[in-house]
Structure formats: C-alpha cells, structure tokens
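Subject: A structure for you

Hi there,

Here is the structure I promised to pass on. Please open it alongside this email, and then read on for what turned up.

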Amino acid sequence: MTPSMYERVKNLFVAAGLTEGRIVQLLFFEDTRKATDSFIVFRPNGGTPIRKDLGAEHYVLVDVIGPRDKRAVTAQAVQKIIDYVQDNPISDSCVGQIENMGGIPPPIPTDEGRIVFRLQFACLYGE
C-alpha cells in the first residue's frame, strides 16, 4: 500500500533533516508535558479531486510546535522548512511537486506557553 501524502511529506522532511530535535507525530499532537520538548505534526488537509491517471493536489498541514518560551528558535525552524521547500520543489518522486501555501501564518500560543506555526503545503502528484 502506498503511504498517504502526509506520511510522504513526513518522510521527505525527515530525510532532509528538517525534523531534527523534534518529536515527529502523525495526525494529532500529543504533548509529553516536558517543557523542553518540541514537536512536528503531519496531517492531511484535503485537496483537489483525485482521478485515475490524472494529477491532483494533496494538501498537508504541518504543525511546528516549540518548547516553552523558545519562540525565536521555533520561528527559525519554520523559516528553514519554508526555505527548503522553495529551493527543492521537486526533490522527492513520492511527493511530486511541493509548495508552501500562504507563507508563514501567525503563530498560535498554547496554554502551556508553547508556540505553534501551522504550515500548509500543496503536493501536486499523479501517476
């Protein structure tokens, strides 16, 4: 079975070193309750109609969640992800073409003092 697109994007980011130092999670964020932990969560977010033998866009949300009170470090990690995707839009044949949608959104604070950036990517893929 072929992995879902959000899993393929996770594999791409792991291989590129973009998840280093972060706990990688799929679908949902599960806090470890350790203030020093940081996370990256991959989940699907819809897309365009998928038809046999035609390309389609698969939307993937990537939540970058920082350790408590480490806002600048988290913002730098987000910029590194954006820069990588801009510089390497077609670097993985399992993902197809990947591009960031909407740039860097406003951060979301959590009750625990973490900062969250919710990035969205569109992956144009077809076989």
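Below are some notes on salt bridges and aromatic pairs.

First, some background: this is a predicted model, in which local features need pLDDT of at least 70 and side-chain atom pairs count only at pLDDT 80 or more, while totals for chains, interfaces and linings use all residues. Residues are numbered from 1 along each chain as its sequence is written, and side-chain values use heavy atoms, with hydrogens and water left out.

Let's start with the charged side chains. Side chains of opposite charge can pair when their charged atoms come close. Here a salt bridge means a side-chain nitrogen of Lys or Arg within 4 Å of a carboxyl oxygen of Asp or Glu, and the count by this rule is four.

Asp 31, Arg 33 and Arg 114 are linked in a network of salt bridges. Asp 31 meets Arg 33 at 3.8 Å, N to O, and Arg 114 meets Asp 31 at 3.1 Å, N to O. Helices (H or I, at least four residues) and strands (E, at least two) are DSSP runs, numbered from the N terminus.

Both Arg 114 and Asp 31 are buried, whereas Arg 33 is exposed, at 60% relative accessibility. Buried means under 20% relative accessible area, exposed over 50%, and partly exposed in between (1.4 Å probe, protein chains only).

Another salt bridge joins Arg 118 to Asp 63, with the closest N and O atoms 2.8 Å apart. Arg 118 is in strand 6 and Asp 63 in strand 3 (residues 56–65), so this pair ties together parts 55 residues apart in sequence. Asp 63 is buried, with a relative accessible area of 2%, while Arg 118 is partly exposed at 37%.

Now for the rings. Rings of Phe, Tyr and Trp (its six-membered ring) pair if their centres lie within 6.5 Å; planes under 30 degrees apart count as stacked, over 60 as edge-to-face and the rest as tilted. That gives three aromatic pairs.

The rings of Phe 13 and Phe 42 have centres 5.6 Å apart and planes at 75°, so they are edge-to-face. Phe 13 lies in helix 1 (residues 5–15) and Phe 42 in strand 2, 29 residues apart. Phe 13 also pairs edge-to-face with Phe 121, at 5.7 Å centre to centre and 90° between the planes. Phe 13, Phe 42 and Phe 121 form one aromatic cluster.

Happy exploring!
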